[in-house]
Amino acid sequence: MSTQTSTLLSQIEMRDLVKRFHHQPVLNHLSLRINDGDLCVLVGDNGAGKTTLLRILAGLVRPNHGIVTIGGADPISDPQVRRFIGYVGHQPMFYQDLTALENLVHYARLYQVEAVQHTVIQAIQSVGLTPYQDQPVRTLSRGMQQRLSLARAALHQPSILLLDEPYTGLDQDAAAFLDDTLQGLHTPGRTILLAAHRPQRLLTIASHVAWLKDGVIHRHLPVDRLGEDPELGRYLQEVG
Amino acid sequence: MKPSVSYLAAIWTILRKDIQVEWRGRQGVPVMLVFALTIVFLFNFALQLSPDLQAGLAAGLLWVSLAFASTLGLNRGISLERENNALDGLLLAPMDRSAIFFGKALGNFCFTGLVGLVLLPVFSLFYPQNMLRLPLVLVMLLGLGAYTSLGTLLSALSIQARTRDVLLPVLLYPLALPILIAAVEASRGVLTGQSLGDVSSWIYLLLAGILLFNAGGLLFFETILEE
Amino acid sequence: MNVAKKPSLLVILDILTVLFMSAVLVLTWFFTPVEAVMGPVQKVFYFHISAAWGGMLSFILGAIAGAGYLRSRRLGWDSLSLASIEVGLVFALIAILSGMIWARPIWNTWWVWDPRLTTTAIMALIYLAYFILRGGLSTPEARARLGAVYAILAVLTVPLTFFSIRLFRTIHPVVIATGGGQGSAFNMTPRMLTALFASLLAFTILLADLVWHRFRLAQLQNPLSEEEN
């Protein structure tokens, strides 16, 4: 699963990122480095720019200024770098008329995964959706679609996973299932950056917390040193 | 060799997915076809067309109905990607993003081409013109090739506006005018018994359109889709 | 550069514009002969051709500025592109209207399906759609990016449009406008040519002046454009 190059390719670096919308800076000269193998929770208020940050990393949004490198290469200018990234956004990115299986087969082909059928069936099994694999995606619940999204994002064995608020809209059971899935996905050599505005439940599995505030990374700490920072501690208490 | 093979594979993957969605939902081709037939009936009465319709009018009627009906398919093709942000899924894939253009444009071409192929015998039934002729089929496919390339490009522009699908015809028809003129004229020519060589100027114009709009897709599609 | 202060070069250009446009008026009224067949109405020709020329030039400038935006991602280029196309559209409308004014007494109809006039009319539709597109987009970046792509595409299709209409007309000639079109329908005397070239020059200067003013207005509306990187 983790090849020799994956160590290199799972390091994320952002330098001096600026992104403006309507002339307003959302990210204002932001820099952050996430090391290989970290599970970093990105916290911050709604509208702080967490989604923008993740979309820039995924190569979906072009920054006005600054540099993004994934293992030393730029995901926007070099399409092949995108092979090492898995991304789950707010929307499930599925074709509603196609079945779960067909959707994943489509994505597996886009990434030119070897042994498409086998890989896809495995992936669906890993998120416990085998009984539903031949149903059109529109008939699946929000929680099931979210799990299927995770399976889609991990289909091509990316060394970096970017997850944007994966817990939104999930009930208690679905959220518990997602906890397990996440831990399963956090294999050695894989970096996960997860945005959550209510991060409390993640602190047990996360290795780091990054706090996005006023367009910059206000704090970036390992979870076991959270006690040293009362301001971040208070913030995490507040948002729950 | 490897990258170019994977580029073609990506185009084929996107095209195959569009065909699959169309087969499952049947929301493109049948809708376009019904709309095209409605236009034929509408024009028949609005323009008081005689039953022994002249070749020129038949060619015009064919292209007006195709041009209007195609807009529905073009909008459908792009809003499919807009739903649930499926487009993001394509943008994330490790390939040059112009492959998305070619995949979508080919899909649009196949669906409108199918509508055209069904319309030709229907026209032959309604009017005393045998429309099912190889030269006419060729002209139709060339015309639709240019038209749907431009349409695919513009549908990606219009989908980003608040006015969405309403915008596409306003953008598309004026820019597509030379293509439609050439397509109508070439069709008229072959319907009145001219050979493809006799209408070669129009054929060249259609080829120029195909070249220009596909080059536009190659160069600009990523720029159009980025945020 | 302080955008709020009017550059002195622009003031000079303003003065030049007024001088040249007045000179052209004087030339067309007093210097050029009255065309034998068409009479005084033919004099609209100098403005008609010049406006059409100015429109075409502006649209090309708009596409070039659009390409400049796509290369540099500086919103200043978009302001220039927008300014050019807006002025170009006004010029194209002047060309269409003056063409109609000319056609009415000569051919007894407001509209002739002459290839050049028709191409200009279609161009006007194409660029009206440009403004509809921009109006539907919500961020300045999207307006600039998609506007630029559209402006480039639009200019590239103009030759196709012109060629297709001309070819169409050679196959289906109109009864009235024989002999090609307005421009070549009569023989021009040297004085007419002088006035025409003066008019082309004056309209080019007018165009530069208007585009510059419109560009400054766009820049002023857009406070951050100076520090864009």
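**Entry 1: a patch on chain C**

I began with the surface of this predicted model. C:Leu9, C:Val11, C:Ile12, C:Ile15, C:Leu16 and C:Leu19 form a nonpolar patch there, with about 540 Å² of accessible area together. Patches take residues with over 30% relative accessible area and no salt bridge; like charges are joined within 9 Å, and nonpolar side chains (Val, Leu, Ile, Met, Phe, Trp, Tyr) within 5 Å. The areas come from the Shrake-Rupley method with a 1.4 Å probe, and for residues only the protein chains shown count as cover. I looked up C:Val11, which lies in helix H1 (residues 8-31) of chain C. C:Val11 is partly exposed at 36% relative accessible area (buried means under 20%, exposed over 50%, partly exposed in between; 1.4 Å probe, protein chains only).

**Entry 2: ground rules**

I noted that residues are numbered from 1 along each chain as its sequence is written, with chains lettered from A and ligands numbered from 1 in the order in which they are written. Local features need pLDDT of at least 70, side-chain atom pairs count only at pLDDT 80 or more, totals for chains, interfaces and linings use all residues, and side-chain values use heavy atoms, leaving out hydrogens and water.

**Entry 3: a strand in chain A**

Is strand S3 (residues 39-43) of chain A mostly covered or mostly open? I found five of its five residues buried. On one side sit A:Leu39, A:Val41 and A:Val43, on the other A:Cys40 and A:Leu42. In a regular strand the side chains alternate between the two faces of the sheet. Helices (H or I, at least four residues) and strands (E, at least two) are DSSP runs, numbered from the N terminus.

S3(A) pairs in the parallel sense with strand S7 (residues 191-195) of chain A over four bridges, and A:Cys40 stands opposite A:Leu193 there. (Two strands pair if DSSP finds at least two bridges between them.)

I counted a salt bridge when a side-chain nitrogen of Lys or Arg is within 4 Å of a carboxyl oxygen of Asp or Glu.

Which residues does B:Lys104 bridge to? One is B:Asp18, the closest N and O atoms being 2.9 Å apart. This pair links helix H1 (residues 2-25) with helix H5 (residues 98-126) of chain B, 86 residues apart. Another is B:Glu81, at 2.8 Å; B:Glu81 lies in helix H3 (residues 55-82) of chain B. I checked the cover too: B:Asp18 is buried at 6%, B:Lys104 at 3% and B:Glu81 at 1%. Together with B:Lys17, these residues are linked in a network of salt bridges.
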